[in-house]
Amino acid sequence: MSDVAIDNKLLLRMYRRMVMIRLFEEQVNDLYTRALMPGLAHLYIGEEAIAVGVCEALRSDDYITSTHRGHGHCLAKGAAIDRMFAELLGKEAGYCKGKGGSMHIADPDTGNLGANAIVAGSAGIATGAAFSSKRLGNGRVTVCFFGEGALGQGVVYEVMNMAALWKLPVIYVCENNMYNEYTHVSEAAAGDILARGPAFGVPSESVDGQDVRAVYSVTQRLAERARRGEGPSFLMANTYRFMGHHVGDISREYYRSKQEEQTWKSERDPIKVATEAILSQNIADRAALGRIQAEVKAEIEKAVQFAMAAPYPNVDEVEQDVYA
Amino acid sequence: MPETAVAVRELTLGEAVREALAEEMRRDPRVFIMGEDVAEAGTAFKVLGGLVQEFGTDRVLDTPISEAGFTGIGVGAGMTGMRPVVDIMFGDFAGLIMDQMANQAAKIHYMSGGKWKCSMVLRTTLGATRRSAAQHSQSLHAWFCHIPGLKVVMPSTPYDAKGLLKSAIRDDNPVVFYEDKMMYKLKGPVPEDDYTIPLGVADVKRAGDDITIIATSSMVQVALGAAKLLEEHGVSAEVVDPRTLWPLDEKTLIDSARKTSRVIVVDEGYGRYGVTAELAAMIQENAFFDLEAPVKRMGAMHVPIPFSPPLEDATVPTERTVCEAALALCGK
C-alpha cells in the first residue's frame, strides 16, 4: 500500500473542517435541548474524520450521497453552515427551502445528491450517479456513505453486484460505528463484513476512521482507481458514535456501557488524534489551533444567528416543487 | 379517402412502444433502457426486439434480477444527466421497487427544494386473463397514483402508446408507464411522424349522449365493445379515456359526466381504495347535481387473481358486464 503523503496545509484544513463539524453538531444539540429546533437530529460527533478525510480526497464535482446522520458529510463536501442551520430550522434560506430538514440536505453545487433517511436508501442513487459518470465520461467519482446498519439491506448487495459488473466509479464507504441504532453490530452482521465485497469482485478494506490522515490517503487511492475505470470499492471505516442514536437518546446503558463511551472519547477522539499529529510534527502550536477553534466558533455563532432570524417559507410553498 | 391520400399504417401496441423508444434514443443520446432480458431477448413479451442491434448493449442493458437495485440505479442516473427507461417485466414486482419509487424518485425534487430532478420512465405491465396466476396478473397502478411526485400513464391504443411514451421520456419527472400485457398485439393506426401526446389530456374515444363510461388502459377496449352492445339496446354511450391518471384531466371527465348524467368508471385495478374510487369521488364532487344516478364502479374482484381460466375470467369486467351495468344505470 503506497498511500500518499499529507502536507501540512492539508492537515490543518482537515483539522479545521473537523472542528467545524464538531462545533456545528454541539450547536445542534444545544438548539434541540433548548427546544429551538423542530424534529430530531442524529449527531455525527466522533465520526468527523471519515467525512472530512473522504471528501478532502474528492474533487469538488464528485458526488456524494449521505445518510440520516449526514450533517458531517454535507459540511465536509462544502456546504455553508448558515444555510445548513437554516435548513435544520425549517427556514426558507435553507438548502432545501426548509422542505428537507436535518435528514435530507441536498445540494447540486457541492455534488451532494442528498442525505437519505431510509437506511441504505441512497445505495441505488449513488450507483446510478456513477453509471451516469461512466456513460457521460465526466470522470466523476461517487461516494456512497452509509452506516453499518445498512449492511442488513439487500439493495446494497444488488447495486454492488451491478457496479462490479459494469465497473462503475463508486466507493461504498461504510461507517461502522458499531451500533445499528440501539443494537450492536455483532448481533446484526454475521461473518466477516470485509468478505462480502470480494464475493462480488469488489475490493474491500478497512481503515481507522478516527485518523483523518488514514481516511484521506485510502480514499485518494480508491478514487484514483475508480477514475481509472477499474470499478467500485468498499471501504469500512471503523469509528464510534460518541452521542446517542439521536439527540433524545440520553440513557444508553441498556445497550452500551459508559466505560466504553469514555474510552473512545478519551483515547480515540478524531480531533485529538489530529491535534497530537499536528503538535508532534510541529505543524502548528496549541495557540494556533486555539485560534482556529475560536474562528470556527465565531462563524458558527454568526450562522446560527442568521438561521434563527431567517423567515420560514411562505405557506404557499407547500405545493411548490412536487413536480419539476 | 381519396386515392392519392396515404393510408396511415397500422402498428401493434408493442410495435408502437418499440418505435417510440427507438425514436427517442435516436433523438437523445442520454436515453437508455435497462431491465431484465431487454437486450437480445427483447423482453419476455418481445416488445423491444431489434433495439440492441441498433443501439448496442451500452444503451440497451440487461440487468441481473435485482429490481430494487436497478430501479435505484435508474433513479440516480435520472438525477445526474441520463434519461433511463427502466423495464419492470411484471407490474406485480412493484412491491420489490416501491422504496426506490415512492421514497426516492418521487421525493427528491421536493425534498431538495426543487434542486434535483429525476428524469426517468418506469415501463411496466398490468392486466389479468393471461393465465399467469396471482403474482403475475395484478393491476397495481393505484399504488403509484397514491404518491405525490410520480406521474402515471395508461395508454389504451397503439397511437396513444407511442405519443405518450415519447412525452414520458422527455418529462423531467419520474413517470410510471403501464402497458396491458393482453394488448401488445392490438393493432391501430400510428403515424410515422414525430408526434407527442401531452400528459394530462384525456381522449373521448367514442362520443355518446346517454351514459359516460370512463375507462383506462385494458378496459378501454372493453368499454368500446360494451358501447357497441349498448347501441343495440338504443343506448348511446360515450367512452372517455383519461390516458394519464396523474396528471388527471378532470375537466374532460366532468364535462362528459355533466353531458350524459350517468357515469360508470371501469379500471382493471382493485376497486377497494382504488382508481375507480378516486375517479367516482371526483365526478360526484364536481357533477353531483347533473347526475341522474349514482356513479357505478367496476374493477377487478377483490381476490388474488386465480389461475383456473373460468375463475380468472370472472375477476375482471367484460363487455357484457359493463353493458349490463350501463343498462341498469339507464333504467333498462
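Chain B is assigned two domains: domain 1 covers 10-189, and domain 2 covers 203-329. The model is predicted. The C-alpha centres of these two domains of chain B are 26 Å apart. Chain B also touches chain A, with 34 residues of chain A and 35 residues of chain B taking part.

**Between the domains of chain B**

- Domain 1 of chain B gives 26 residues to the contact, and domain 2 of chain B gives 24 residues.
- On the domain 1 side, four elements of chain B give two or more residues each: α6 (141-145), β6 (151-153), α7 (158-170) and β7 (174-180).
- That side of domain 1 of chain B holds 15 nonpolar, seven polar and four charged residues.

**Between the chains**

- The contact draws 34 residues from chain A and 35 residues from chain B.
- In chain A, β2 (112-115), α5 (123-136) and α6 (154-165) each bring at least two residues to the side that touches chain B.
- Helix α5(A) makes the largest contribution to that side, with eleven residues.
- By type, the chain A side divides into 18 nonpolar, ten polar and six charged residues.

**Helix α3 of chain B**

- Helix α3 of chain B runs over residues 67-79, which is 13 residues.
- At 1.5 Å a residue the helix should span 18 Å, and its end C-alpha atoms are 18 Å apart, so the two values agree.
- α3(B) is mostly covered, as 13 of its 13 residues are buried.

**A five-stranded sheet in chain B**

- Five strands of chain B form an open sheet with mixed pairing, in the order β9-β11-β10-β13-β14.
- The edges are β9 (203-206) and β14 (296-300) of chain B, and each of them pairs on one side only.
- Neighbouring strands of the sheet are turned by 25° against each other on average, with direction ignored.
- Strand β13 of chain B, residues 263-270, runs parallel to β14(B) and is joined to it by four bridges.
- Val266(B) has Met298(B) in β14(B) as its bridge partner.
- Helix α8 of chain B, residues 218-232, packs on this sheet.
- α8(B) touches β9, β10 (211-215), β11 (237-241) and β13 of chain B, and its direction makes about 170° with that of β11(B).

**Backbone exceptions**

- Most residues other than glycine have a negative phi, and most peptide bonds are trans.
- The peptide bond from Trp246(B) to Pro247(B) is cis, with omega near 0°.
- Pro247(B) sits in the loop between β12 (244-246) and α9 (250-260) of chain B.
- Ser217(B) is not a glycine, yet its phi is positive, near 45°.
- Ser217(B) belongs to the loop between β10 and α8 of chain B.
- Ser217(B) counts as buried because it has 27 C-beta neighbours inside 10 Å, and the cut-off for buried is 20 or more.
- Asp321(A) is not a glycine either, and its phi is positive, about 75°.
- Asp321(A) lies in the segment after α11 (286-309) of chain A.
- Asp321(A) has 18 other C-beta atoms within 10 Å, so it is partly exposed.

Definitions and conventions
Residues numbered from 1 in each chain as written. Chains lettered and ligands numbered in written order. Predicted model: local features only at pLDDT ≥ 70, side-chain atom pairs only at ≥ 80, totals over all residues. Domains from an automatic or database assignment. Contact = placed C-beta atoms within 7 Å. Nonpolar A, V, L, I, M, F, W, Y, C, P; charged D, E, K, R; others polar. Expected span 1.5 Å × (residues − 1). Buried ≥ 20, exposed ≤ 12 C-beta atoms within 10 Å, placed from the backbone. Pairing = 2+ DSSP bridges. Axes fitted to C-alpha atoms, helices over the stretch in contact; angles between N-to-C directions.
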